[in-house]
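Q: Please take a close look at one part of this model and follow its connections from there. Plain numbers with their cut-offs will do.

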Amino acid sequence: MMKGLLIKDLKLMLTQFAFLILLPVVGAVFVVPTGEMSMGFGYITAVSGIIGVTTINYDSYDNGFAYLFTLPISRRGYVKEKYLFAALSSVAVMMAIGLFMWALMAVSHPENAYAFADFLGDMEDSYSIALTAVAFMLPVFLKFGAEKSRFVILIIAGIFMGVMIGVSQAEVLRDIEIGGGKWVRVLTPVLCLAWLCASYLISVRIMEKKEF
């Protein structure tokens, strides 16, 4: 049933086709006038994490959960699929829009273009941020539903933004190395994975206690 759930969510995501088409336009708006892609890519990073999570809204419409769990789908399996789909959809969106913005930068502002290896490094960092956002949002959406989640997400986003600003002010820490690699490059994926595991367990507990 995992495959069936993934196909369902993919089709749900494609119903937002107009929104997906808008993303490269937004990327171009950031890149062409300014000659840099950091702000635009930050926006795409945030959006890519949200896209997969919003499929929960469709599942909950018209007692959708009650119907869904009449099928041979466990609540734990449902949660597992949501995390997998969010991870896959976010990396797909980020890679597609990121490559478009990188190529557009090379064409429109060749003086500011940077190496593909550096671009992939930025992608790695941004993907960790997107997954961290997913780990925050999924338990909230499962617990509170679409309407109440908006307010909770705003609070979490404010806290998250404050943390990110604090980290950005400590760029000097990137110069500290462990062995042959920078410690931030090592620590970030480990922390992200730990938070994803904790978030998954929280989401499973929420779904197992939820009544439909």
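A: The largest share of the nonpolar patch, four residues, comes from α2. Helices here are DSSP runs of H or I with at least four residues, strands are runs of E with at least two, and both are numbered from the N terminus. The model is predicted, so local features need pLDDT of at least 70 and side-chain atom pairs count only at pLDDT 80 or more, while totals for chains, interfaces and linings use all residues. Residues are numbered from 1 along each chain as its sequence is written, and side-chain values use heavy atoms, without hydrogens or water.

Phe19, Leu22, Val25, Val29 and Tyr43 make up this patch, with an area of about 420 Å². A patch takes residues with over 30% relative accessible area and no salt bridge; nonpolar side chains (Val, Leu, Ile, Met, Phe, Trp, Tyr) are joined within 5 Å, like charges within 9 Å. Accessible areas come from the Shrake-Rupley method with a 1.4 Å probe, and for residues only the protein chains shown count as cover. Val29 belongs to helix α2. With a relative accessible area of 53%, Val29 is exposed (exposed is over 50%, buried is under 20%, partly exposed is in between).

Helix α2 (17-34) is also part of what covers the buried residues of α1, along with α3 (38-53), α4 (55-60), α5 (64-68) and α6 (75-108), among others; contact here means heavy atoms within 4.5 Å. The buried residues of α1 are Leu5, Asp9, Leu12 and Met13. Seen down the axis of α1, they fall within an arc of 100°, so they line one face of the helix; the arc is taken from the directions from the helix axis to the C-beta atoms. The face turned away from the buried side of α1 carries the exposed residues Lys3 and Lys11.

The whole structure has five salt bridges, each defined as a side-chain nitrogen of Lys or Arg within 4 Å of a carboxyl oxygen of Asp or Glu. Side chains of opposite charge can pair when their charged atoms come close. Asp9 is buried at 0% relative accessible area, and Lys82 is buried at 1%.

Lys82 also forms a salt bridge with Asp59, again with the closest N and O atoms 2.9 Å apart. Because Asp59 lies in α4 and Lys82 in α6, this pair ties together parts 23 residues apart in sequence. Asp59 is buried, as is Lys82. Lys8, Asp9, Asp59 and Lys82 are linked in a network of salt bridges.

Glu208 is in α8 (residues 183-209) and Arg76 in α6, so the bridge links distant parts of the chain, 132 residues apart. Glu208 is partly exposed at 48%, and Arg76 is partly exposed at 39%.

The loop between α5 and α6 holds Ser74, which is partly exposed at 43% relative accessibility. Ser74 and Met1 are 73 residues apart in sequence, with 9.5 Å between their C-alpha atoms.

Definitions and conventions
Buried < 20%, exposed > 50% of the residue type's maximum accessible area, 1.4 Å probe, protein only.
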